[in-house]
Amino acid sequence: MALRETVSSGGLLVWPRVLLFGDSITQFSFQQGGWGAALAHRLVRKCDVLNRGFSGYNSRWARIILPRLIGSGRDLDSPAAVTVFFGANDSALKDENPKQHVPLDEYAGNLRSMVQYLQSVGVPESRVILITPPPLCEAAWEKECIAQGHKLNRVNAVVGEYASACVQVAQDCGTDVLNLWALMQEDSQDFSAYLSDGLHLSPEGSEFLFSHLWPLIEGKVASLPLLLPHWQDVADAKPELSLLGDGDH
């Protein structure tokens, strides 16, 4: 299904949109310096960027709620792009954090089910981007766990298994994928600066994510015009001629 550049219904302009679906790393992405805020800034007057991040959620719960967030049959429900960003909680160790833990095979199945659901409601795989969890800085996250009276409940090697599963699902389903876990560790670099507490992204981490995500998003929204004319292009005598058109300016 082709993406329409602008939609006018009853005289109302309907903005295209990009949907960010994920856990706390998505929920927090609209904070100052966040990657979601950077994306919204880059797409202003082209797309609304919707934050559907749910702190603490895993892919099991995400699969259940996705139909409540996006359906079929309405123009608003056909986004230009969707990011699906889970795994940081799924990969929690079962013995230390059974509530959030999701077994690896189920995690992969949940991702696959979400891609298939999006396809069923008119969002083709070409508009979907899977994002792996970032690497875990165990030393920093262990301090957070101890401060809350817990043992270390995640390890980076296990997170890597979930990242690999995410990449495999993307390959199987034909979606784009951003392997944040691998990219942040390229050439054995110290990735600790990318994380605020060992798990969540710092401003530097958000900037890193955005720099790699934007090329994937850009290819999906490149044909979208700037909505409504530039102020210098508004007709002086009859501005209605410029402002009440179809918005393709």
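## Notes on a predicted fold

1. Residues are numbered from 1 along each chain as its sequence is written, and side-chain values use heavy atoms, with hydrogens and water left out.

2. What partner does Arg 112 have in a salt bridge? The partner is Asp 172, with N and O at 3.3 Å; a salt bridge is a side-chain nitrogen of Lys or Arg within 4 Å of a carboxyl oxygen of Asp or Glu. This pair links distant parts of the chain, since Arg 112 sits in helix H4 and Asp 172 in helix H6 (residues 156-173), 60 residues apart. Helices (H or I, at least four residues) and strands (E, at least two) are DSSP runs, numbered from the N terminus. Asp 172 is partly exposed, with a relative accessible area of 48%.

3. How many salt bridges does a search of the whole structure find? The search finds three. In one of them, the side chains of Glu 106 and Arg 60 meet at 2.7 Å, N to O. Glu 106 belongs to helix H4 (residues 104-120) and Arg 60 to helix H3 (residues 59-69), so the bridge ties together parts that are 46 residues apart in sequence. Both residues are partly exposed: Glu 106 at 26% relative accessibility and Arg 60 at 27%.

4. Lys 220 and Asp 176 also form a salt bridge, with their closest N and O atoms 2.7 Å apart. Here helix H8, which holds Lys 220, is linked to strand S7 (residues 176-178), which holds Asp 176, across 44 residues. Is Lys 220 buried or exposed? Lys 220 counts as buried, at 14% relative accessibility, whereas Asp 176 is partly exposed at 27%.

5. Now for the nonpolar side chains. A nonpolar core is a set of buried Ala, Val, Leu, Ile, Met, Phe, Trp, Tyr and Cys residues joined through side-chain atoms within 4.5 Å. The largest one has 37 residues, and those touching the most other members are Val 18, Trp 35, Leu 39, Leu 43, Ile 217 and Val 221. Elements giving two or more residues to this core include strand S3 (17-22), helix H2 (35-42), strand S5 (81-85) and helix H8 (203-221). Helix H8 supplies the largest share, seven residues. Another core, of 26 residues, lies apart from it, and Val 82, Met 114, Val 121 and Val 128 are among its members.

6. Contact means heavy atoms within 4.5 Å. Leaving aside neighbours within four places in sequence, Trp 35 is in contact with residues including Leu 20, Phe 85, Leu 209, Phe 210 and Leu 213.

7. The structure holds zero disulfides. Cys 137 is buried at 17% relative accessible area, and Cys 145 is buried at 3%.

8. Finally, step back to the whole protein. Its secondary structure comes to nine helices and seven strands. The radius of gyration is 20 Å, close to the 18 Å that the globule rule gives for 249 residues, so the protein is as compact as a globular protein of that length. That radius is taken over C-alpha atoms, and the rule is 2.2 Å times the number of residues to the power 0.38. Of the 249 residues, 47% count as buried. Among contacts between residues at least 6 apart in sequence, 76% join residues at least 24 apart.

Conventions:
This is a predicted model: local features need pLDDT of at least 70, side-chain atom pairs count only at pLDDT 80 or more; totals for chains, interfaces and linings use all residues. Buried means under 20% relative accessible area, exposed over 50%, partly exposed in between (1.4 Å probe, protein chains only). A disulfide is a pair of cysteine sulfur atoms within 2.5 Å.
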